[in-house]
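Student: I would like to learn how to read a structure like this one, feature by feature. Where do we begin?

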Amino acid sequence: MGEEAKWYVIHTYSGYENKVATNLEKIVENRKLEHLIQAMRIPSEMVIETSGEGTGRKKTKEVERKLFPSYVLVKMIMTDESWHVVRNIRGVTAFVGPGSKPIALTEEEVQKFEIDQIPVAEIDFEVGDSVKITDGALRDSVGVVEEISSDKKRVKLIISMFGRQMSTEIETSAVSPIKE
């Protein structure tokens, strides 16, 4: 083997990022290509959007916004087979690189965009615990942990906002337990 998987950038039609990632996951699973195509990411952030201003019915909601619209990141070992699988997915226009030669992201780029973060091994809270949000638009809000993702990277919280119970999902690194 010897070949190490690297992160590549694929360009997609606008609005096709999620479809491309989902279809690629299915193809990888069906064709048993996990050894070649190992992960996909659509870098995004959670932001609070306000609508209805001036109408007297101002609403805010948390939405996911893509950091790089029309791009999907794929961690893969570049072979003729893996290139063809990715390139032939509906919605993919090209790999990023000169001509048809894909260029892998550098280690610095992977670090900068926090693409390949190591899963959080230990978290010091569990379902039912109260936590404080330490980062992002909901900073300083308090919530109750409803669910923790299997890789422990994301946590679903119930928070009280504007007198109503709301569910929100954020990265575990953006919350800290409230010590009694």
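Student: How many salt bridges does a search of the whole structure find?

Tutor: Side chains of opposite charge can pair when their charged atoms come close. This is a predicted model, and the search of the whole structure finds three salt bridges.

Student: Which residue forms a salt bridge with Asp 135?

Tutor: The partner of Asp 135 is Arg 139, with 3.2 Å between the closest N and O atoms. Asp 135 is partly exposed at 45% relative accessible area, and Arg 139 is also classed as partly exposed, at 47%.

Student: Which residue meets Lys 132 in a salt bridge?

Tutor: Lys 132 meets Asp 140, and the N to O distance is 3.9 Å. The cut-off for a salt bridge is within 4 Å. Lys 132 has 35% relative accessibility and counts as partly exposed. Asp 140 has 51% and counts as exposed, because the exposed class is over 50%.

Student: What is the partner of Glu 169 in a salt bridge?

Tutor: Glu 169 pairs with Arg 154, where the closest N and O atoms are 3.1 Å apart. Glu 169 belongs to strand 10 (residues 164-171) and Arg 154 to strand 9 (residues 154-161), so this pair ties together parts 15 residues apart in sequence. Both ends are partly exposed: Glu 169 at 34% relative accessibility, Arg 154 at 26%.

Student: Now the sheet. What is the order of the strands in the open sheet of four strands?

Tutor: The order is 2-5-1-6, and the pairing is antiparallel.

Student: Which strands stand at the edges?

Tutor: Strand 2 (37-41) and strand 6 (92-95) do. Each has a single partner strand, so one side of each is left without a neighbour in the sheet. From one strand to the next, the twist averages 30°.

Student: How many bridges join strand 1 and strand 6?

Tutor: Strand 1 (residues 6-12) pairs with strand 6 over three bridges, in the antiparallel sense. To locate the pairing, look at Ile 10, which stands opposite Phe 95 in strand 6.

Student: Which strands does helix 1 touch?

Tutor: Helix 1 (residues 17-30) packs on the sheet and touches strand 1, strand 2, strand 5 (71-76) and strand 6. The direction of helix 1 makes about 160° with that of strand 2.

Student: And where does helix 2 lie?

Tutor: Helix 2 (residues 80-87) lies across strand 1, strand 2, strand 5 and strand 6. Helix 2 runs at about 145° to strand 6.

How values were computed: Residues are numbered from 1 along each chain as its sequence is written. This is a predicted model: local features need pLDDT of at least 70, side-chain atom pairs count only at pLDDT 80 or more; totals for chains, interfaces and linings use all residues. Side-chain values use heavy atoms; hydrogens and water are left out. Two strands pair if DSSP finds at least two bridges between them. Helices (H or I, at least four residues) and strands (E, at least two) are DSSP runs, numbered from the N terminus. Axes are lines fitted to C-alpha atoms, for helices over the stretch in contact, and angles run from 0 to 180 degrees between N-to-C directions. Contact means heavy atoms within 4.5 Å. A salt bridge is a side-chain nitrogen of Lys or Arg within 4 Å of a carboxyl oxygen of Asp or Glu. Buried means under 20% relative accessible area, exposed over 50%, partly exposed in between (1.4 Å probe, protein chains only).
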